[in-house]
Protein chains: 2
Amino acid sequence: MPHYTAPVSDMQFLLHDVLNISASGLPGHDELDRDFTEAVLDAAGKLASEVLAPLNVIGDQQGCRLENGVVRTPEGFAAAFEQMKEGGWTALDCDPDYGGQGMPYVMGVATGEMFVSANMAFNMYQGLTHGAYSAIHTHGTEDQKQTYLPKMVSCDWTGTMNLTEPHCGTDLGLLRTKAEPQDDGSYLITGQKIFISAGDHDMAENVIHLVLAKAPGGGEGTKGISLFIVPKFLVNEDGSLGDRNAVSVGALEHKMGIHGNSTCVMNYDGAKGWLLGDLHKGMRAMFTMMNEARLGVGLQGYAGAVPAYQNAVAYAKDRLQGRAVTGTQYPNAAADPLIVHPDIRRSLMDQKSFLEGARMLAFWGAHLIDQADEGDADAEGLISLLTPVIKGFLTDKGFETAVLAQQIYGGHGYIEEHGMSQFVRDARITMIYEGANGVQALDLVGRKLAADGGKHVMAFFEMVKSFCKDHAEGPLAADFIAPLKAASKDLQAAAMFFMQNGMKNPNAALSGSYDFMHLFGHTALGLMWARMAVTAQKMLDSGEGDAVFLKTKLATGRYYMKRQLPMTATHLARIESGSEPVMELEAEAF
Amino acid sequence: MPHYTAPVSDMQFLLHDVLNISASGLPGHDELDRDFTEAVLDAAGKLASEVLAPLNVIGDQQGCRLENGVVRTPEGFAAAFEQMKEGGWTALDCDPDYGGQGMPYVMGVATGEMFVSANMAFNMYQGLTHGAYSAIHTHGTEDQKQTYLPKMVSCDWTGTMNLTEPHCGTDLGLLRTKAEPQDDGSYLITGQKIFISAGDHDMAENVIHLVLAKAPGGGEGTKGISLFIVPKFLVNEDGSLGDRNAVSVGALEHKMGIHGNSTCVMNYDGAKGWLLGDLHKGMRAMFTMMNEARLGVGLQGYAGAVPAYQNAVAYAKDRLQGRAVTGTQYPNAAADPLIVHPDIRRSLMDQKSFLEGARMLAFWGAHLIDQADEGDADAEGLISLLTPVIKGFLTDKGFETAVLAQQIYGGHGYIEEHGMSQFVRDARITMIYEGANGVQALDLVGRKLAADGGKHVMAFFEMVKSFCKDHAEGPLAADFIAPLKAASKDLQAAAMFFMQNGMKNPNAALSGSYDFMHLFGHTALGLMWARMAVTAQKMLDSGEGDAVFLKTKLATGRYYMKRQLPMTATHLARIESGSEPVMELEAEAF
């Protein structure tokens with residue numbers, strides 16, 4: 001069975017040495033000193049590695065079952081969920097007014113990474129709840145907040161997002177679920193939703209569905225959509241549970257992975273619902289959940305590959321096969337371990353350098369959200385720009401990383417016994433849900449790039465430029481600054497190409513959108529590595545910290561800059577080839 | 001359920017217009033005129049799409065079962081296997097002296113592609129048999145050939161390859177299975193083999209295992225290995241079946257995919273075996289099977305992705321979602337089909353341009369084997385060089401292609417219902433078995449590149465050079481010849497880097513081996529596309545053939561040259577960064 005070790009030291013390095021969060025001046029951040037966060041991370045890591053990780057394979061093998069209309073989760077899930085709740089982990093970054101612990105989002109991301117790494121399917125039950133909590137927290141009336149939030153913060157009640165219908169996912173304007181207004185101010189919801197993660201299960205007293213539906217008078221397309229709160233059990237005035245609502249599980253989907261999470265077909269047959277936010281402005285409220293969910297999926301993207309990498313490392317050190325080409329390294333063993341072979345290293349370094357760069361990007365993104373929550377509009381603009389990159393790039397590369405890790409095992413990675421197949425199968429969904437990665441690329445190039453007059457992407461370029469200027473002369477100039485500059489130049493050239501060609505031919509921009517998302521991702525990770533390198537070098541120079549850790553960080557960063565950043569040139573070449581190669585053929589020619 | 005359509009026109013174009021096989025001067029090839037091959041391909045395509053493809057999902061869902069020591073294949077497999085046999089498909093390219101039809105290998109590859117596309121797990125039963133047939137055909141005594149080959153050609157008896165043991169796969173020198181010589185000239189084989197594809201099943205009267213084992217006196221490592229024929233049922237003098245041999249199925253593996261094929265743990269408990277080929281020279285005999293198997297797996301790599309692509313195209317034309325960014329294309333429909341969106345096209349073009357280029361490479365490779373079989377040493381050297389490229393590159397990109405196709409389906413691709421997940425899960429094994437792709441890269445750079453003084457890679461460069469020279473002035477100069485030249489230059493630079501650095505530091509070459517394999521693959525596909533383009537252009541100029549087909553071919557080729565070939569620069573940059581970034585860290589630092 002695969003093991004999982006929480007990367008506490010690496011997280012501490014990011015939180016304190018690189019981001020220096022306790023000195024960020026944000027309210028409450030001054031309490032986040034090194035000892036405090038270490039205690040939190042250690043405790044979360046213990047829960048993750050000792051309780052959640054051992055349930056990961058069990059969840060995959062048993063899956064969820066639908067029995068007489070009720071979804072049964074795999075053995076051990078309910079008890080582990082109680083431990084999550086009792087430990088206060090579900091409340092970590094929630095509002096203290098509703099029972100939360102009020103920690104910043106970056107701490108939610110750090111602990112969340114661990115829970116995802118340990119058991120992605122399991123962690124979705126609380127992840128979806130957090131998204132629904134945020135939507136109600138932002139758009140709900142005080143009455144709604146009082147009714148739902150305390151129970152959702154504690155995960156006594158869990159939450160879901162109901163967007164997709166059989167005939168529409170991305171194009172929500174097509175949706176058919178209806179909401180009929182009732183005299184008491186409520187609505188009756190009727191329709192079918194599919195792919196509803198954590199749609200039903202046996203670990204919570206109630207499930208609070210947030211459902212997109214069309215109420216009368218809203219007009220065509222997405223304009224007519226509103227968001228409704230539809231609880232599985234109606235909630236009485238005193239907060240106790242009342243009647244079962246007219247919502248039921250039609251079926252469980254059979255999926256490639258995340259078997260431990262119940263993916264439901266939900267049938268609404270005149271279920272009672274209450275409007276959340278403004279009538280006919282449901283998309284706006286939904287995007288509160290959606291943006292959080294996209295960052296959460298980006299987190300899943302790399303976090304899911306962390307244990308895959310860890311187990312690949314263990315296997316590469318353990319499995320004896322062949323001899324080092326430079327001469328036998330373990331003469332007393334029957335063969336040398338896999339890790340002596342350059343191509344095994346190449347794979348492990350690809351994995352390691354991506355994962356640590358991705359973690360930095362996710363943490364930085366979370367820190368930006370913490371800043372945005374305090375009213376920092378620049379931070380908000382930047383994270384809005386970065387959200388599709390974090391979602392799309394980190395999930396594509398996270399999947400690739402899991403595949404690389406599986407490959408280290410050879411045939412043993414293909415059989416289910418060692419759990420490496422599960423990491424790949426689970427990771428695959430992250431490229432699809434919460435907006436398939438092609439949709440992320442469209443959001444990035446079609447919307448985010450030009451938002452607010454292109455201000456945010458200019459700010460990103462400016463940030464890279466001034467960073468490069470500040471460190472142009474130091475010991476990192478050749479290994480980090482020069483390649484970062486080159487990548488950023490490619491990114492700017494691509495943006496320029498879109499500006500020059502996109503207006504007269506939108507296809508010219510959109511034909512390159514996917515490559516742009518990856519080009520941006522590599523450049524962002526290049527910046528992350530350069531920032532980590534600057535910190536590590538400074539600490540080494542001043543004799544702070546663990547020298548082995550810091551030198552490893554530098555070497556890993558050099559690998560990323562030398563071996564991954566050259567991809568930006570290929571992405572640029574693809575982008576600059578324009579729309580003709582992409583759009584030339586008639587549909588019939590495929 | 002996914003559908004499959006055999007690409008007969010594309011194959012005919014390759015066989016006749018590009019390769020012109022009937023004029024190749026090889027014995028028997030003159031009979032392969034256009035009508036004849038079309039009849040063969042139509043019939044194979046009919047069997048593939050009507051009989052084998054519908055069993056693909058069933059095979060995945062039911063898998064194989066071990067019941068009282070006997071493996072049961074999924075419903076319908078046995079009947080379909082009978083149809084394969086009755087149609088003579090298993091005998092297509094086998095020696096007429098033993099019941100074969102004597103067609104060239106290229107026809108075996110063409111029909112094989114169809115069978116793999118339709119049902120990869122199913123086709124492995126006969127694929128492994130063909131490999132074992134070849135080993136016995138090349139290394140067996142006349143007596144052995146008479147005993148085994150006719151039954152294997154007809155697939156009344158099937159074959160297996162037994163290499164891997166629990167503690168060793170790549171490093172066969174470590175194997176422990178023993179062969180004790182008996183007075184009657186036979187051996188008693190004792191040991192355990194794992195991951196034995198088609199190790200046992202209920203579709204054949206007998207299973208002929210080819211087993212690597214160590215006989216006394218052979219010395220250490222691979223030098224002491226011999227190859228043995230170990231039938232499941234002993235064969236009497238008159239060819240009838242005798243006693244059950246002491247070989248049994250210990251377990252069936254639970255795998256990520258290819259559930260329809262029985263992957264067995266085989267236990268040999270003093271099973272009777274007969275030496276195949278020379279004592280202590282088993283590796284040589286095994287490589288006959290292995291090289292064929294590697295080409296076969298390369299074929300699986302792209303062939304498995306063909307139906308994934310075909311179904312993605314159908315879905316992209318059928319699924320209505322969003323509107324074309326350049327303006328509504330189907331005003332009477334609720335939305336435009338996915339295929340109007342540039343990023344969907346980008347994905348479909350990536351798939352299409354890879355698959356058609358890969359098919360050309362596989363067919364050309366098969367044609368080289370047909371030439372080599374007639375004593376053409378240059379052809380033999382070239383295909384020996386290309387084998388790891390075909391295996392490694394086509395399987396990596398084939399898997400990527402299946403993932404791209406699955407992605408088109410969004411959430412519907414992740415559930416098992418539409419069969420897209422199966423294509424991905426099945427494809428994953430091709431990167432692993434018959435030598436994991438890292439081992440292919442090692443074979444390419446560590447062995448094949450310098451073989452015969454580097455003669456074969458020089459011949460490849462020369463071939464590209466003279467091709468470019470011949471077409472330097474034509475209408476294809478800018479779109480095809482220039483990018484091919486650039487790719488070839490990158491490939492030569494990489495080979496030069498290895499030559500200059502590999503001697504004093506073997507790690508410098510091996511750290512770039514994987515990238516070199518891909519760089520070679522892209523260059524080879526660039527050459528394939530340029531060759532197809534030259535043919536298509538010539539036909540268009542002279543008014544031959546189907547103009548729409550030929551123009552589509554040219555457009556698809558231009559896409560590959562513009563959007564895929566730029567990857568060669570990134571691979572070269574990675575290679576030229578040398579071994580330091582790869583090898584710098586201590587093993588403990590991972």
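How many salt bridges are counted between domain 1 of chain A and domain 2 of chain A? In this predicted model, the count is 0 salt bridges. The paragraphs below place that result in its setting.

The domain assignment divides chain A into domain 1 (8-142), domain 2 (158-280) and domain 3 (443-585). Between the C-alpha centres of domain 1 of chain A and domain 2 of chain A there are 25 Å. Domain 1 of chain A brings 26 residues to the contact, and domain 2 of chain A brings 25 residues. Together these two domains bury an area of about 2,200 Å² between them, and carbon and sulfur atoms give 71% of it. On the side of domain 1 of chain A, the residues that lose the most area to domain 2 of chain A are Val71(A), Tyr125(A) and Leu128(A), which together make up 26% of what that side buries.

The next point concerns the two chains.

Finally, one helix of chain B may be examined. Helix H5 of chain B (residues 105-118) has 14 residues, which at 1.5 Å a residue should span 20 Å; its end C-alpha atoms are 20 Å apart, in agreement with that expectation. H5(B) is also mostly covered, with 14 of its 14 residues buried.

Technical notes: Residues are numbered from 1 along each chain as its sequence is written. Chains are lettered from A and ligands numbered from 1 in the order in which they are written. This is a predicted model: local features need pLDDT of at least 70, side-chain atom pairs count only at pLDDT 80 or more; totals for chains, interfaces and linings use all residues. Side-chain values use heavy atoms; hydrogens and water are left out. Helices (H or I, at least four residues) and strands (E, at least two) are DSSP runs, numbered from the N terminus. The expected span of a helix is 1.5 Å times one less than its number of residues. Buried means under 20% relative accessible area, exposed over 50%, partly exposed in between (1.4 Å probe, protein chains only). Domain bounds come from an automatic or database domain assignment. Contact means heavy atoms within 4.5 Å. Buried area is the accessible area (1.4 Å probe) that two parts lose on being put together, summed over both. A salt bridge is a side-chain nitrogen of Lys or Arg within 4 Å of a carboxyl oxygen of Asp or Glu.
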